Amino acid sequence: MRPPLVLTGPPAVGKTTAGRRLAEARPRGAYVDVDDVRQLVVAGGAAPWDGDEGVRQQELGVRNACQLARRFTAEGFATVLTDVVTPRTLTIYRAELPRCLVVRLGVDVAEARRRAATRPVYLTAQEFAALHAEDAAAEPAVDAELDVTGLSLDDLVAELSRRWAAG
């Protein structure tokens with residue numbers, strides 16, 4: 001059984017589209033968008049940049065997503081998670097999903113803005129820019145990095161599938 005795959009990177013890099021496609025291509029695949037898990041909080045929610053409460057909720061979302069991933073994996077599902085992973089949340093992923101493969105997708109900000117213009121974006125321009133800047137400055141200890149600039153979705157999914165199979 002493949003270990004859970006965690007796709008990370010800044011907004012509009014292709015995590016969601018590639019992650020869903022990877023899970024759909026498996027005979028038994030599960031896809032967990034960690035943002036969707038966080039949005040289960042319907043009252044009193046706080047974004048990660050909203051101080052201590054935001055950080056607590058960000059970490060709670062990661063822990064809940066990891067619990068889902070463990071259950072899916074235990075039941076024989078190839079599981080893909082997508083999240084904007086920080087050095088702090090990477091520590092949680094490593095503790096909660098010790099065998100997970102973490103792949104960081106990258107693209108320059110101009111390309112990300114072009115991609116974001118083609119779909120709904122739930123971030124302000126400042127939040128979008130801040131997340132890209134934070135990602136560029138962070139050096140989380142991921143298992144692999146992949147520049148997706150110029151890759152078609154099919155090529156991206158094929159490369160991720162190859163890396164996931166190799167572990």
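Predicted model: local features only at pLDDT ≥ 70, side-chain atom pairs only at ≥ 80, totals over all residues.
Biologist: What does the protein chain average for pLDDT?

Modeller: The average is 88, and 87% of the residues score at least 70.

Biologist: Switching to the fold. How many helices and strands are in the protein chain?

Modeller: Seven helices and five strands. Along the sequence they follow the pattern β-α-β-α-α-β-α-β-α-α-β-α.

Biologist: What share of the contacts with a separation of 6 or more is between residues 24 or more positions apart?

Modeller: In the protein chain that share is 77%. As for burial, 44% of the 167 residues are buried.

Biologist: Now the helix pair. At what angle do the axes of α1 and α7 cross?

Modeller: Roughly 60 degrees, with the axes of α1 (residues 15-24) and α7 (residues 153-166) coming within 10 Å. The two helices are therefore oblique to each other.

Biologist: Is the crossing of α1 and α7 left-handed or right-handed?

Modeller: α1 passes α7 in a right-handed crossing.

Biologist: Which residues meet there?

Modeller: From α1, Thr-17, Ala-18, Arg-21 and Leu-22. From α7, the residues are Leu-153, Asp-154, Leu-156, Val-157, Leu-160, Ser-161 and Trp-164.

Biologist: And by class, what does the contact of α1 with α7 have?

Modeller: Seven nonpolar residues, two polar and two charged.

Key
Residues numbered from 1 in each chain as written. Heavy atoms only, no water. Axes fitted to C-alpha atoms, helices over the stretch in contact; angles between N-to-C directions. Helix = DSSP H or I, 4+ residues; strand = E, 2+ residues; numbered from the N terminus. Parallel < 35°, antiparallel > 145°, perpendicular 65-115°, else oblique. Left-handed = near helix turned anticlockwise from the far one by under 90°. Contact = heavy atoms within 4.5 Å. Nonpolar A, V, L, I, M, F, W, Y, C, P; charged D, E, K, R; others polar. pLDDT = per-residue confidence, 0-100. Buried < 20%, exposed > 50% of the residue type's maximum accessible area, 1.4 Å probe, protein only.
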